[in-house]
Amino acid sequence: MWYVIQVGGGKERSACRLIERFVPEDLMKELFVPQYEIMRKRRGQWHACTETLLPGYLFVVTSQPEKLAVALRGVPAFTRLLGNNDMFTPLTDQEVAFVNAFTEPGRRVVRMSEGVIEGDEIVILKGPLMHQTGLIKKIDRHKRLAYLEIQMLGRTKTVKVGLEIVRKHA
């Protein structure tokens, strides 16, 4: 089952390294910081880099959430397995399917998508946003971002992913 670990915002990567160091390996099948690829301009050149998809959260695949929660108490950073009343809440099948549709095991990064705007319609030519245009709520062409509205952690969240619009037809 997939679970979410809450960590301090902006400290996702360091918390991930600490958990890998202090929590026994056999408790976790996979631990990752969900990220997205984005293009940033530095010194006049465009460079691909990654940003955190859901700030303040790590995802973990485990079959022993109770043991994992106990082990997290030994990590010298704020880490908390999400749930309520000592029951840990796994991600729903739809949430897991969303993460798996946009990323692959071993590299949990949503790659850049590429598309065109034809009139009022967005057409995605390549990338993980293909056939997912219904999730797009807003596009920032200048920053090369698409804002998606998704159901995650029991609520509606707006997340950013990289989207390059290569042309616009009126």
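**View 1. R43 sits in the loop between β3 (35-42) and β4 (45-52).** What you see here is a predicted model, with residues numbered from 1 along each chain as its sequence is written. Local features need pLDDT of at least 70, side-chain atom pairs count only at pLDDT 80 or more, totals for chains, interfaces and linings use all residues, and side-chain values use heavy atoms, with hydrogens and water left out. Strands here are DSSP runs of E with at least two residues, helices are runs of H or I with at least four, and both are numbered from the N terminus. With a relative accessible area of 87%, R43 is exposed. (That word means over 50% relative accessible area, buried means under 20%, and partly exposed is in between, using a 1.4 Å probe and protein chains only.)

**View 2. Q35 is part of strand β3.** Is Q35 buried or exposed? Its relative accessible area is 11%, which makes Q35 buried. Skip its neighbours within four places in sequence, and Q35 still has R13, T50, E51, T52, L53, R108, V109 and V110 in contact, meaning heavy atoms within 4.5 Å.

**View 3. Four strands line up as β2-β5-β1-β6 in an open sheet with antiparallel pairing.** Two strands pair if DSSP finds at least two bridges between them. The edges belong to β2 (30-32) and β6 (79-81); each has a single partner strand, so one side of each has no neighbour in the sheet. On average, neighbouring strands of this sheet are turned by 25° against each other, direction ignored. Axes are lines fitted to C-alpha atoms, for helices over the stretch in contact, and angles run from 0 to 180 degrees between N-to-C directions.

View 4. Which residue in β5 is the bridge partner of F32? That would be F59.

**View 5. β10 (residues 113-118) and β11 form a hairpin.** They pair in the antiparallel sense over 5 bridges, and 2 residues lie between them. G115 has I124 in β11 as its bridge partner. In the turn, G119 shows a positive phi of about 70°.

**View 6. H131 belongs to the loop between β11 (121-126) and β12 (136-140).** Phi of H131 is positive, at about 65°, although H131 is not a glycine. Its relative accessibility is 75%, and H131 therefore counts as exposed.

**View 7. Zooming out, the chain has 3 helices and 14 strands.** Its C-alpha trace spans about 55 × 35 × 20 Å along the principal axes. Of the 170 residues in the chain, 45% are buried. Take the contacts between residues at least 6 apart in sequence: 61% of them join residues at least 24 apart. The chain exposes about 9900 Å², with carbon and sulfur atoms supplying 48% of it; areas come from the Shrake-Rupley method with a 1.4 Å probe.
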